[in-house]
Amino acid sequence: PFRWAVLSLAAATTVATATYSYREIDRELTALTLSRREAVAQLMATTLTEKFGRVVDIAISLSTNPQLQDLVAKGKWLEVDGILHNVPQDLPHIDRLFITDTGGTLKADVPAVPGAHGINLASLDWYREVSRNWQPYVSPAHLRVAPPQINIVAVAVPVKSAAGQVTGVLVLHIHIEKLFEWVDGIQTDEEVSVYIVDSK
């Protein structure tokens with residue numbers, strides 16, 4: 001009986017040690033995996049933030065073009081179309097762009113959508129937010145109003161006159177698929193699935 005008791009105690013000690021070691025290894029591996037995946041998520045988030053920052057910079061650059069400012073202030077919308085005509089070709093990540101007046105009515109768009117001029121877009125999220133304090137705004141993903149109805153992100157910036165008065169709103173549409181292109185070059189483990197969600 002004594003020998004069995006010693007053997008049982010030794011076996012119990014071995015099992016307890018093995019269980020403790022397994023739990024420690026599992027904890028360390030889990031922490032390492034979570035740390036690596038958090039690093040990938042942070043890198044992707046930083047990449048998207050940087051890309052959206054560049055799009056906002058492009059929108060601000062376009063909206064502060066003195067010629068564009070003058071034409072918008074004077075309501076010369078056909079000439080505005082002419083200035084913006086090559087932007088989607090020069091910057092392929094921009095799917096579409098347009099300018100509304102201060103009330104949200106569409107006045108110029110590239111590429112042009114038949115019947116779009118005159119449509120009021122003031123009920124849309126990007127207009128409500130940009131007109132709140134006339135600061136640049138990046139919208140959550142949403143379905144575009146103009147055909148084809150695709151999921152886009154809108155970047156809206158105010159257009160101001162030389163005197164600083166708001167005269168319109170410039171909106172750039174980014175196709176949602178561009179987000180995946182932006183983060184596609186980031187190396188991840190084969191087991192990692194990446195999800196991009198909007199603020200909602």
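Which residues do ring pairs link into a cluster? The points below take this up after a look at the overall fold.

1. **Overall make-up.** This is a predicted model. The protein chain comes to six helices and six strands. Along the sequence, the pattern reads α-α-α-α-β-β-α-β-β-β-β-α. The protein chain has 200 residues, and 36% of them count as buried. Take the contacts between residues at least 6 apart in sequence: 49% of these join residues at least 24 apart.

2. **The aromatic cluster.** Phe98, Trp126 and Tyr127 are linked into a cluster by ring pairs. The whole structure holds two aromatic pairs. Trp126 and Tyr127 form an aromatic pair with edge-to-face geometry. The centres of the Trp126 and Tyr127 rings are 6.1 Å apart, and the planes stand at 85°. Are Trp126 and Tyr127 buried or exposed? Both Trp126 and Tyr127 are buried.

3. **His173 and its surroundings.** His173 sits in strand 6, which covers residues 166-175. The relative accessible area of His173 is 4%, so His173 is buried, the cut-off being under 20%. Which residues does His173 touch, leaving aside those up to four places away in sequence? His93, Ile94, Asp95, Arg96 and Phe98 are among them. Arg144, Ile152, Val153 and Ala154 also touch His173. In sequence, His173 and Phe98 are 75 residues apart. In space, their C-alpha atoms are 8.7 Å apart.

4. **Helix 3, the buried side.** Helix 3 spans residues 77-84. Its buried residues are Trp77, Val80, Asp81 and Leu84. Why do the buried residues of helix 3 line one face of the helix? Seen down the axis, they fall within an arc of 105°, so they line one face. The general rule is that an α-helix has 3.6 residues a turn, so residues three or four places apart point the same way.

5. **Helix 3, its cover and its other side.** What covers the buried residues of helix 3? The cover includes helix 2 (66-74) and helix 4 (87-90). It also includes strand 1 (96-100), strand 2 (106-110) and strand 6. Strand 6 is the strand that holds His173. On the other side of helix 3, Leu78 and Gly82 are exposed.

6. **The largest pocket.** About 280 Å³ of space lies in the largest pocket. How many residues line the largest pocket? The lining has 15 residues, and Phe52, Leu179, Val197, Asp198 and Ser199 lie nearest the centre of the pocket. By class, the lining has 11 nonpolar, three polar and one charged residues.

7. **Which helices line the largest pocket.** Helix 1 (2-63) and helix 6 (177-184) each supply at least two residues of the lining. Helix 1 gives the most, with three residues.

Technical notes:
Residues are numbered from 1 along each chain as its sequence is written. This is a predicted model: local features need pLDDT of at least 70, side-chain atom pairs count only at pLDDT 80 or more; totals for chains, interfaces and linings use all residues. Side-chain values use heavy atoms; hydrogens and water are left out. On a 1 Å grid over the protein atoms alone, a cavity is a set of points where a 1.4 Å probe fits but cannot get out, and a pocket is an open set with protein on both sides within 12 Å along at least five of seven lines; lining residues have an atom within 4 Å of a point. Grid points are joined across faces, edges and corners, and a volume is the space filled by probe spheres set on the points. Helices (H or I, at least four residues) and strands (E, at least two) are DSSP runs, numbered from the N terminus. Ala, Val, Leu, Ile, Met, Phe, Trp, Tyr, Cys and Pro count as nonpolar, Asp, Glu, Lys and Arg as charged, and the others, Gly among them, as polar. Rings of Phe, Tyr and Trp (its six-membered ring) pair if their centres lie within 6.5 Å; planes under 30 degrees apart count as stacked, over 60 as edge-to-face and the rest as tilted. Buried means under 20% relative accessible area, exposed over 50%, partly exposed in between (1.4 Å probe, protein chains only). Contact means heavy atoms within 4.5 Å. The arc is that of the directions from the helix axis to the C-beta atoms.
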